[in-house]
Amino acid sequence: MATSEFQRARSPEAKRLREASILEAARELGREHGIRNVTLTDIATAVAMHKSALLRYFETREEIFLRLTAEGWQEWSRALSARLRESADTDPGPAAVAQAFAATLAARGMFCDLLAHAPLNLERKVSLDAVRDFKLATLAAREPIVEAAREHLPGLSDDDSVDLIATAVALAGAMWQIANPGAEVAALYRSDPRLAHAVVEVEPRIARILTATISGMTGRRPDRPTSPA
């Protein structure tokens with residue numbers, strides 16, 4: 001559909017569908033090009049709208065990506081909670097919990113990208129209502145993870161679990177950025193053995209750090225559950 005053929009959504013359902021198409025276009029562009037490289041014009045073009053028309057649905061580019069971050073939290077929460085519960089009986093211990101966090105985050109590259117951008121700029125260029133909605137969405141997504149983590153490791157307190165989640169998402173956002181530099185920088189790292197330390201594998205790095213973190217929280221050594229009293 002050409003941009004000139006765009007018609008404004010009139011009904012609530014039509015508006016919802018239009019918003020969904022905008023979010024999906026932004027999601028695909030973000031996956032392909034990285035969040036920092038996607039402009040509002042890019043998104044508008046992808047859905048055959050003029051930028052001014054798109055602004056009837058979302059106040060800024062940042063609001064679009066903040067909505068996608070909230071959706072990412074909800075999807076990750078479901079996946080991680082399910083994995084923690086599945087492994088609670090067969091693979092107990094800090095390392096299993098850490099691996100569940102690391103694997104589910106590393107498998108969601110765009111979510112990791114969004115996690116880095118959310119506090120740096122996405123939350124800073126939207127309305128207070130948008131920030132409130134985002135924070136409430138992340139709070140709701142956090143609760144099932146806290147429950148599942150404590151079922152897996154009863155030694156974790158609620159505060160420990162919240163700190164663990166905060167540490168995991170902060171690491172994921174930072175490590176993903178480090179592991180995905182521009183093409184020229186990545187080629188430089190590969191070409192010079194002295195820069196090998198700059199090449200980061202997201203999943204194992206997060207897993208190692210979180211294993212140590214959880215072990216400290218629960219007073220255990222990695223992979224050694226506490227002995228029965």
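Me: At roughly what angle do the axes of helix α7 and α8 cross?
Reply: This is a predicted model, in which local features need pLDDT of at least 70 and side-chain atom pairs count only at pLDDT 80 or more, while totals for chains, interfaces and linings use all residues. Residues are numbered from 1 along each chain as its sequence is written, and side-chain values use heavy atoms, with hydrogens and water left out. The axes of helix α7 (residues 128-152) and α8 come within 9 Å, and they cross at roughly 120 degrees.

Me: Which residues of α8 does α7 meet?
Reply: Contact means heavy atoms within 4.5 Å. On the α7 side the residues are R142, I145, V146, A149 and R150, and by class the contact of α7 with α8 has five nonpolar, one polar and three charged residues (Ala, Val, Leu, Ile, Met, Phe, Trp, Tyr, Cys and Pro count as nonpolar, Asp, Glu, Lys and Arg as charged, and the others, Gly among them, as polar).

Me: How far apart are the axes of helix α5 and helix α8?
Reply: Two packed helices are described by the angle between their axes and the distance between the axes. Helix α5 (residues 94-106) and helix α8 (residues 158-179) pack at an angle of about 40 degrees, and α5 and α8 are therefore oblique to each other (angles under 35 degrees count as roughly parallel, over 145 as roughly antiparallel, 65 to 115 as roughly perpendicular and the rest as oblique). Their axes are 10 Å apart.

Me: Which residues of α8 meet V97, F101 and L105 in α5?
Reply: V97, F101 and L105 of α5 meet L164, I165, A168 and A172 in α8. By class, this contact of α5 with α8 has seven nonpolar, no polar and no charged residues, and the α8 residues asked for are L164, I165, A168 and A172.

Me: Is A48 buried or exposed?
Reply: A48 lies in the loop between α2 (40-46) and α3 (51-54), and its phi is near 55 degrees, a positive value in a residue other than glycine. Buried means under 20% relative accessible area, exposed over 50% and partly exposed in between, with a 1.4 Å probe and protein chains only. At 9% relative accessibility, A48 therefore counts as buried.

Me: What pLDDT does the chain average?
Reply: pLDDT is the predictor's confidence in each residue, from 0 to 100. It is below 50 over residues 1-6 and stays under 50 over residues 224-229. Where pLDDT is low, the predicted coordinates should not be read in detail. Of the residues, 91% score at least 70, and the chain averages a pLDDT of 90.

Conventions. Axes fitted to C-alpha atoms, helices over the stretch in contact; angles between N-to-C directions. Helix = DSSP H or I, 4+ residues; strand = E, 2+ residues; numbered from the N terminus.
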